[in-house]
Amino acid sequence: MKPRYERPVIVRHALGGWDKFGAASALRPVTQLGHVPVADLVATYGSPLFVFNEQVLRNRVRELREQLARRFSDFTIAWSYKTNYLGAICSVFHQEGAWAEVVSGFELEKALRSGVPGPQIIFNGPGKSAQDIEQALRENVRLNIDHLDELALIERVAEQLGVTPQVGIRVNVSDLPVDKWDRFGFTLENGRALQAVRRLQRGGRLELTGLHCHIGTFILDPNAYRLQALALARFAHELERDHDVHIDSIDLGGGFASHNTLLQQYLPGEEVTPSLGQYVEAMAEGLDEGYQGATLPRIVLETGRGLVDDAGTLIATVLANKRLVDGRRAVVIDAGVNILPTAWWYRHAVYPAQPTRGVSEPTVFFGPLCMNIDVIRQGVMFPPLQPGDRVVIAHTGAYNVTQWQQFITARPNVVMVSPTREHSLIRRAETVDTLLAQEEMPQWLERHSH
Ligand SMILES: Cc1ncc(COP(=O)(O)O)c(C=O)c1O
């Protein structure tokens with residue numbers, strides 16, 4: 001039978017309509033952070049403003065502890081300072097029992113000054129100076145060795161001090177389904193890790209008791225941790241069996257993903273980020289397989305972004321609306337990539353901080369910098385905003401308040417909101433005075449100007 005004629009139809013692509021994740025107009029405003037109105041926070045501390053939710057910090061680290069306790073009898077969480085070393089943030093983690101993980105003399109001093117005992121500090125990183133090492137050895141800080149020159153340097157300093165410290169070596173497991181971080185530590189698969197152990201033993205000045213390995217960051221595949229843990233467990237077993245080394249701690253580093261979404265990621269982080277329990281389970285499986293019933297050593301984690309990212313929010317204020325040449329709507333806000341460098345990695349979730357009206361359309365959020373690269377978020381469906389409206393940018397707690405730059409604008413206030421709705425500054429905004437206090441004027445220029 002001849003098919004019936006059907007009239008062709010042209011349907012306008014309905015931007016802002018329903019897709020598989022729901023309707024864009026469902027963007028609900030976030031008017032409170034930790035039950036404190038955004039409007040009150042901005043009235044008290046200004047905009048832009050970083051806000052940390054203490055309860056979220058505590059919930060995350062408690063969750064990690066619970067998951068570890070289900071699988072291991074001996075474990076330690078060491079807070080990764082570089083991720084966020086504001087004193088208030090570190091003190092919440094230390095109150096929850098976390099040690100400190102540092103990667104420079106600067107971070108080491110910060111941890112010691114906050115009262116963390118030396119034996120509860122783990123010192124990693126490829127750039128330790130002789131002074132850093134001396135301080136670490138005097139304070140009984142745990143050193144994880146990154147390269148052979150550092151090994152020799154630690155031996156020299158230990159000799160001068162007349163001590164025989166227990167140390168760890170950083171191992172690079174290169175055969176994993178993640179981006180390679182092989183510039184750190186000694187590679188396992190090509191025999192360099194074993195050579196380092198032998199060299200350490202020949203030196204006779206250091207006692208190797210730990211293996212350390214950090215496989216990268218924002219790892220979305222828990223199986224990578226299973227393979228890492230298995231490789232380290234087998235190596236520890238080999239050292240014990242053939243080389244008279246007893247490994248009493250295995251440090252599996254950090255790298256758990258937060259609930260952010262990477263720029264290249266298709267599905268939103270809220271849906272695909274593994275739970276802390278899934279990561280821990282994968283590690284436990286690898287260790288169980290490698291140890292085959294023998295008692296496990298102490299397991300150390302140095303989790304950073306997975307604990308702090310979700311607890312931080314950046315509030316910003318709308319400065320202007322614009323139209324780009326291609327017709328897209330652009331909104332200029334008062335927070336730029338200088339204070340939110342993670343905008344280069346993530347499609348940060350952005351929400352209005354007040355009820356909105358009107359049809360959502362694809363919107364680009366630009367920061368206030370006079371730089372083309374100052375893009376906070378591309379392609380987000382957003383309802384109309386007016387100058388003076390606020391937006392909140394979610395999951396901004398990791399790496400921003402340590403990697404931010406003083407560039408064109410000054411760094412803003414950072415506050416913490418308590419479980420009882422108290423709020424307080426945890427870092428004061430910088431001003432022109434802050435900068436001027438660091439500057440010096442050479443005398444000859446002074447003379448010239450008067
Ligand atoms: C040695 C080491 N440990 C821990 C971390 C924390 O990583 P993350 O924030 O991905 O958990 C890092 C970060 O790069 C690191 O280099």
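**Loops, packed helices and the ligand shell**

Pro 48 sits in the loop that links helix H1 (38-45) to strand E5 (49-53) (helices are DSSP runs of H or I with at least four residues, strands are E runs with at least two, both numbered from the N terminus). Keep in mind that this is a predicted model: local features need pLDDT of at least 70, side-chain atom pairs need 80 or more, and totals for chains, interfaces and linings use all residues. Residue numbers start from 1 along each chain as its sequence is written.

You'll find Phe 218 in the loop between strand E12 (207-212) and helix H8 (223-243).

Carry on into H8 and you can look at its packing against helix H10 (residues 276-291): the angle is about 30° and the axes are 7 Å apart (axes are lines fitted to C-alpha atoms over the stretch in contact, with angles from 0 to 180 degrees between N-to-C directions). That angle makes H8 roughly parallel to H10 (under 35 degrees is roughly parallel, over 145 roughly antiparallel, 65 to 115 roughly perpendicular, the rest oblique). On the H8 side the contact includes Tyr 225, Leu 227, Leu 230, Ala 233 and His 237, and on the H10 side it includes Tyr 279, Met 283, Leu 287 and Tyr 291 (contact means C-beta atoms, placed from the backbone, within 7 Å). By class, the H8 and H10 contact has 10 nonpolar, 5 polar and 4 charged residues (Ala, Val, Leu, Ile, Met, Phe, Trp, Tyr, Cys and Pro are nonpolar; Asp, Glu, Lys and Arg charged; the others, Gly among them, polar).

On to helix H2 (residues 54-71), which packs on helix H3 (residues 87-95) at about 40° with their axes 10 Å apart. H2 and H3 are therefore oblique to each other, and their crossing is right-handed. Here Glu 54, Leu 57, Arg 58 and Val 61 of H2 meet Ile 89, Val 92 and Phe 93 of H3. The H2 and H3 contact splits into 5 nonpolar, no polar and 2 charged residues.

Helix H5 (residues 130-138) and helix H6 (residues 148-161) bring their axes within 10 Å and cross at roughly 50°. H5 and H6 are therefore oblique too, and H5 passes H6 in a right-handed crossing. Ala 130, Ile 133, Glu 134 and Leu 137 of H5 touch Leu 153, Ile 154, Val 157, Ala 158 and Leu 161 of H6. That contact holds 8 nonpolar residues, no polar ones and 1 charged.

Now the strands. Strand E14 (residues 298-301) runs parallel to strand E6 (residues 75-80), joined by 3 bridges (pairing takes at least two DSSP bridges), and Ile 77 has Leu 301 of E14 as its bridge partner. Strand E13 (residues 249-251) also pairs with E14 in the parallel sense over 3 bridges, with Asp 251 partnered by Val 300.

Finally, the ligand: 15 residues surround it, and the closest are Ser 80, Thr 217, Gly 254, Glu 302 and Gly 304 (C-beta atoms, placed from the backbone, within 6 Å). That shell has 1 nonpolar, 11 polar and 3 charged residues.

Definitions and conventions. Left-handed = near helix turned anticlockwise from the far one by under 90°. Contact = placed C-beta atoms within 7 Å.
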